[in-house]
Amino acid sequence: MHKPLILNATPIIYLCKIGESKFLKQLQEEKYTIQKVVEEVVDKGKSLGAPDAFIAEELIQQEIIKVKQPRNTAFINLLSKIPDLHKAEIYVLALAKELNGIAIIDESIAREIARIYGIEAHGTVYLILQLVYRGKIPKKKAKEAIDKMIQAGWRLTAEEYTKLTRELE
C-alpha cells in the first residue's frame with residue numbers, strides 16, 4: 001500500500017505547465033492538496049490566463065487530486081511560528097502528518113522542517129523518479145520532463161541536477 005501524496009503548488013504547476021499532468025494520473029497513490037494551493041494554482045492562475053491553471057482545475061474536478069484540509073490546529077499553530085514557512089507549506093505539512101503521507105514540496109526549508117517533525121517529504125523529482133522505477137515512463141522521458149520544467153522556470157541546484165542526471169543514466 002502506497003502512502004498518500006500531499007502536493008504543494010509547485011509540483012502541480014510545473015507538471016501541468018510542461019504538459020505532463022498525466023504523470024499525476026499514472027501514480028496509483030491517493031493525491032491530495034489543500035484549499036490554499038487551489039487558490040494559488042487554479043484561481044490565481046486562471047485570473048492571469050495561465051493555461052496550466054485550467055489543467056490543474058481539471059485534475060481537481062476529476063478528483064485525481066482531492067482537496068482536503070488538515071484538522072490538527074495545534075500543529076498548524078506550531079508550524080505557523082516558523083518564519084520561513086508559507087501558509088500553503090504549513091497546511092501541506094500538517095495534512096501529510098495527519099494522513100501519514102508524503103509531502104511533495106520543492107522548497108528546501110519546508111522539507112527540512114518536515115524532517116524535523118518526522119514527516120516524509122520529497123520534491124517534484126520524486127514523482128518523476130517513482131514513475132521511472134515503476135516502469136511507467138522511460139528514463140529519457142523523465143530527463144526530458146525535468147529539462148522542460150527547468151526551461152519553464154523550475155529551480156534546481158547544479159548539484160541536484162548532476163545527482164539527478166546520474167540517477168537517470
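The lining of the second largest pocket divides into six nonpolar, four polar and six charged residues. (Ala, Val, Leu, Ile, Met, Phe, Trp, Tyr, Cys and Pro count as nonpolar, Asp, Glu, Lys and Arg as charged, the others, Gly among them, as polar.) This is a predicted model, where local features need pLDDT of at least 70, side-chain atom pairs count only at pLDDT 80 or more, and totals for chains, interfaces and linings use all residues. Residues are numbered from 1 along each chain as its sequence is written, and side-chain values use heavy atoms, leaving out hydrogens and water.

Stay with this pocket. Its volume is about 330 Å³. Of its 16 lining residues, Ala9, Ile13, Glu40, Val41 and Lys44 are the closest to its centre. Helix 1, helix 3 (35-47) and helix 6 (87-98) each supply at least two lining residues.

Now follow helix 1 to another partner. Helix 1 (residues 9-17) packs against helix 8 (residues 124-133) at about 55 degrees, with the axes 9 Å apart. Thr10, Pro11 and Leu15 of helix 1 meet Thr124, Leu127 and Ile128 of helix 8, contact being heavy atoms within 4.5 Å. Four of these residues are nonpolar, two polar and none charged.

Helix 1, helix 7 (108-116), strand 5 (120-122) and helix 10 (158-167) each supply at least two. The lining holds nine nonpolar, eight polar and nine charged residues.

Methods. Axes fitted to C-alpha atoms, helices over the stretch in contact; angles between N-to-C directions. Helix = DSSP H or I, 4+ residues; strand = E, 2+ residues; numbered from the N terminus. 1 Å grid on protein atoms, 1.4 Å probe; cavity = no way out; pocket = protein on both sides within 12 Å on 5 of 7 lines; lining within 4 Å. Points joined across faces, edges and corners; volume = space filled by probe spheres on them.
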